[in-house]
Amino acid sequence: MKLGLIAAVASLMAGPVTAATVVTADRYLDVNSGRYVENPAIFIDDGGHITSVGDARTVRWGAEVKHVDLSGETLLPGLIDMHTHLGPANIGGYRYLEYTDSFWPVVATSTARDMLNGGFTTMRVVGSGDWADVGLKQAIEAGYVVGPRIVPAGHALGATGGHCDDTYLPPSMQKKEKEEGIGDSPEELKYQVRRQRKFGAEVIKVCATGGVFSRGDTPGQQQLTEEELRAIADEAHMAGLRVAAHAHGADGINAAIRAGIDTIEHASLLNDESIKLAKARARPVWFSMDIKNTDYTQAEGRKNGELEENIRKDAEIGQIQRDNFRKAHAAGVRMIFGSDAGVMPHAMVPQQFRVMVQYGMTPLEAIQAATRNAAEALGRTDVGTIAPGAYGDLVAVRGDPTRDVTLLEHVDAVIKGGTVVKARSPQP
């Protein structure tokens, strides 16, 4: 990495650089090494990719190159949230029946923009109705909507009556056939993997256990067998897709790890075997633990319409999950940033960094969870880093976030693919 940077600087000194945009700042954070690089000049082509990184004190560029001057700022790669939903957080319980079906994809354009303004230039959406996440991705890429890079899952997979099924309505108001994404055998679930991929899913989401904000189940209850989970993982991997498993309870967590699932979502009630299995498995497995949103749901849940049973489950599991986050991190389990945005407002997502630090991570480790680690868990090299070939996705803050991670709660500027999507306010 260091030799490559030296070579890039040397080549840039030979003459003016041709690019669409150059971004300069006081320094940027190399999330792979954890070190700062001073006085960067980051060149981005008209396709939105970084072509080279030079030293702004010595490199030259032509007048046709747009210069984004972020003097006084520290740059980081655009952040990645690996566990998000598109709906607003303040509509809970049965209140969703107040809104027409087309409300949800429309409001998703607003929640996605909140994520982008918070510095999250990539968001993995782990389940949405009617493939709204696929539609949002298409709208953003076509330029009709401004938002992050979307990694969509389509409909989440699960068992009849499980966390990913609709358990809020009586039989007379349900479809006669199974809900989208629901299967009750390895073969049915393999079909659902193929169906989600057919309509645009780029990751498969599966509910291995009960949940907090689902009616009539418990978070620790395993809902799919290891055989069913393995069928999902094998089918997805054959198609080049990775799999995220909602799994609160230890039995479901451990079955998902043994089955080859790539990321374990929530992991609230993990046990020593969970940690042992996660560290020993040859294919990397990552834990995504949403340890901020309980503050919001306990404070606002009743007002938002959440059911009393779900508020109770949330209260029971919140601190246990945070303590287990500390335990898993201390044991060396691979960790990624996942907020469960939509359970709390999307604009609050950056506040999770401080909670991750409170429960054992260094500020740099928390940042790496949302950049380097998340990109690796996605299997991508074009996000989560500042390097040639990656997208020109950048976040600017004033100060040192490796000392004070709360700086990420109020980013000054956001650049996506070389385009300023959130401009910093004039400095006094």
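Colleague: Which residues form one aromatic cluster?

Modeller: Tyr 94, Tyr 96 and Tyr 168 do. Keep in mind that this is a predicted model: local features need pLDDT of at least 70, side-chain atom pairs count only at pLDDT 80 or more, and totals for chains, interfaces and linings use all residues. Residues are numbered from 1 along each chain as its sequence is written, and side-chain values use heavy atoms, with hydrogens and water left out.

Colleague: How many aromatic pairs?

Modeller: The count is 10. Rings of Phe, Tyr and Trp (its six-membered ring) pair if their centres lie within 6.5 Å; planes under 30 degrees apart are stacked, over 60 edge-to-face, the rest tilted.

Colleague: Why is the pair of Phe 43 and Trp 61 edge-to-face?

Modeller: Because their planes are at 70 degrees, with the ring centres 6.0 Å apart.

Colleague: Is Phe 43 buried or exposed?

Modeller: Phe 43 is buried, at 0% relative accessible area. Trp 61 is partly exposed, at 25%. Buried means under 20%, exposed over 50%, partly exposed in between (1.4 Å probe, protein chains only).

Colleague: And Phe 120 with Phe 337, what are the angle and the spacing of the rings?

Modeller: The planes are at 40 degrees, so that pair is tilted, with centres 5.3 Å apart. Phe 120 is buried at 0% relative accessibility. Phe 337 is buried too, at 0%.

Colleague: New topic, charges. Which ring does the charged end of Arg 334 sit over?

Modeller: That of Trp 286, 5.9 Å from its centre. Arg 27 lies over the face of Tyr 36, 4.0 Å from the ring centre. The rule: NZ of Lys or CZ of Arg within 6 Å of the ring centre and within 35 degrees of the ring normal.
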